[in-house]
Amino acid sequence: RAAVQFAISELRPTDRFNVIAFSDQPRSLFGQARPASDAALRQALRWVNALSADGGTNMQTALAAALIVCDSNDTDLRQVIFVTDGAGGEEAMLFEYIERSRGKSRLFTVGIGSAPNGWFMRKAAELGRGQAVTISALGEVEARMRELFGRLGAPTLTDLQAAWSDSGVQQLPETLPDLYAGEPIDLVARAQSMPQSLRL
């Protein structure tokens, strides 16, 4: 709750947002994203404060609800923050779903405590063209979420692509994340011959 409440408090009047709780099934605060007005933010904080942990951890239905885009002409950068303190399963199916369904969205994963699968959270964020955040203790929530929102508020370049001089070059990650102010982009490449030139 603290992580989501902090995220809501960091929203700006020019932002649009929604909150989706999930256990066995997802539940959305709003039918679709709304402007971050004072009234909407107060409503969201009350709603989140009333949430309690129950049911299972059905990640796919939650991701499906979050990645659905109602307006195909929307040009805003959609940043989805997936927060969980639970462990899910069926990782391969979730990876395939994220890669197929992310569209223009960017998926940032936040794992709290020891239950979340760190490898899954990192790979999901990579496939979602976002970043993963691990919060080990409750006392770290505000500081780590502040770091995350510092990055989210400063996107510099989006939709980056790497063009190599040799078409046979293999690179990881295959799809590059966006570039945020003060953040490097790391990639690993394997080529049949050297030297190679890279253009972004």
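How many aromatic pairs does the count come to? The count comes to six, where rings of Phe, Tyr and Trp (its six-membered ring) pair if their centres lie within 6.5 Å; planes under 30 degrees apart are stacked, over 60 edge-to-face and the rest tilted.

This is a predicted model, in which local features need pLDDT of at least 70 and side-chain atom pairs count only at pLDDT 80 or more, while totals for chains, interfaces and linings use all residues. Residues are numbered from 1 along each chain as its sequence is written, and side-chain values use heavy atoms, with hydrogens and water left out.

Two of the pairs are listed here.

| Pair | Centre distance | Plane angle | Class |
|---|---|---|---|
| Phe22 and Phe82 | 5.3 Å | 20° | stacked |
| Phe95 and Trp119 | 5.2 Å | 80° | edge-to-face |

Phe22 in strand β2 (residues 20-22) and Phe82 in strand β5 are 60 residues apart; strands are DSSP runs of E with at least two residues, helices runs of H or I with at least four, both numbered from the N terminus. Phe95 belongs to helix α4 and Trp119 to helix α5, so their pair ties together parts 24 residues apart in sequence. Ring pairs also join Phe120 to Phe95 and Trp119 in a cluster.

Phe82 has 7% relative accessibility and is buried (under 20% relative accessible area; exposed is over 50%, partly exposed in between; 1.4 Å probe, protein chains only). Phe95 is buried too, at 10%.
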